[in-house]
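Me: I've got a model open and I'd like to learn how to read a few of its features. Can we walk through it together?

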Amino acid sequence: MTARLCGFKSHRPHHFALKGAKMNKDIFYMQKAIELAKRAKGFTSPNPLVGCVIVKNGKIISSAYHKKAGDLHAERLALLKAKENPRNADLYVNLEPCCYFGKTPPCTDIIIESKIKRVIVATPDPNPLVNYKGIKILKNAGIKVKIGILEKEAKELNKIFFKNMTERLPYVILKAGLSIDGKIALKNGKSKWITSEKSRQHSQQLRKEVDAILVGINTILIDDPYLDCRIDKREKIKKIILDSNGRVPLSANFYKNSQPSDIFIFTKKMEKAKIEKLKNKGVNVIIDKSAGEKVNEKFILKTLFKNGIMSILIEGGSKVATSFIKNKLVDEIFLYIAPRIIGDDGLSFFGDFGFNKMHQIFSIKENKIIKSGDDILLNGKIYYK
């Protein structure tokens, strides 16, 4: 994957006029750090998105962001490429600087060595290896540390990372295109196209920003999708197929444009000969031996997390979507709602949740409504009682 150029367009020091006399300078520069961090969306997993801005005498002398896992962290990169001596400067970063040796050295070391006077952190790092330890190291070195500037925005930016660290599970996004009366296809399975081209393009951007896409076996048998990222063929998204009864074809489009090791097929029962053929291809076949007729959703998420998959986009049909929501495993939802009416001739997206009282129903909170071509995009977090 090709990373974008680091920092702002010019590499010379920048002067910024604060917008409004009462504009807090810490908020202003932290906004810059967060905007920088966003540039690497879809490139840093399993690492967080981090941007850094270094300010001295009222001007930015360096800025950087973490481009991809294994590359230099934002703080180290910004300090190394500073055009002026960063001694006594202020360093703004949206996540607590790391303090342990991983693929790269601790950022706390170079911050201390550079004689930074003040470090402004949006939010502590939820990683147990770092959590407040980096802040403590900086304070013990005599550096002033301020915490909590744009904390809500910083946590939202790294919502995937925060869930990974606190729950040891992937972040789960559910996406669907549906008619205004909640249908995703005609009863004969035909669904192309309910939503607009703009909505379909936007949904491809979601694919680009997650580690894996998940569908049920019915989607494979009916649509035979490629499950790749059409707006960026270089993006090698991992593919997860839920196939409780072992019906997956040995030849299907989803095998194409993908490394076999990036394909995960979950099943309860499958012919041994088929399992061997898939494994000989290099495909991951995972058998759920727990009770029940279908693969357990929590087992799926735990297994995928152990395999380094930090975020999942569910694009399955009604059964998969309903099952994951019913088990309270979906974090965020993107619904592309087209101004079209299908009525009883269509298949509903949401199935039976088993509600019998209004206070039991699920709600979408922190929601945003965005115009998407002729459609409306409803995006928000699912709130479970």
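This is a predicted model: local features need pLDDT of at least 70, side-chain atom pairs count only at pLDDT 80 or more; totals for chains, interfaces and linings use all residues.

Me: How many disulfides does a search of the whole structure find?
Reply: A disulfide is a covalent bond between the sulfur atoms of two cysteines. The cut-off is a pair of cysteine sulfur atoms within 2.5 Å. Searching the whole structure turns up zero. For Cys99, the nearest cysteine sulfur belongs to Cys98, 7.0 Å away. Cys107 is in no disulfide either, with the sulfur of Cys98 as its nearest at 3.8 Å.

Me: Is Cys107 buried or exposed?
Reply: Go by relative accessible area: buried is under 20%, exposed over 50%, partly exposed in between (1.4 Å probe, protein chains only). Cys107 comes out at 0%, so buried.

Me: Where is Asn356 found?
Reply: Helices (H or I, at least four residues) and strands (E, at least two) are DSSP runs, numbered from the N terminus. Asn356 sits in the loop between strands E15 (346-348) and E16 (363-372). At 63% relative accessible area, Asn356 is exposed.

Me: Which residues of helix H11 are buried?
Reply: In H11 (residues 318-326), they're Val320, Ala321, Thr322, Ser323, Phe324 and Ile325. Their cover includes strand E7 (171-179) and helix H10 (297-306), where contact means heavy atoms within 4.5 Å. Just after H11, Lys328 takes a positive phi of about 60°.

Methods: Residues are numbered from 1 along each chain as its sequence is written. Side-chain values use heavy atoms; hydrogens and water are left out.
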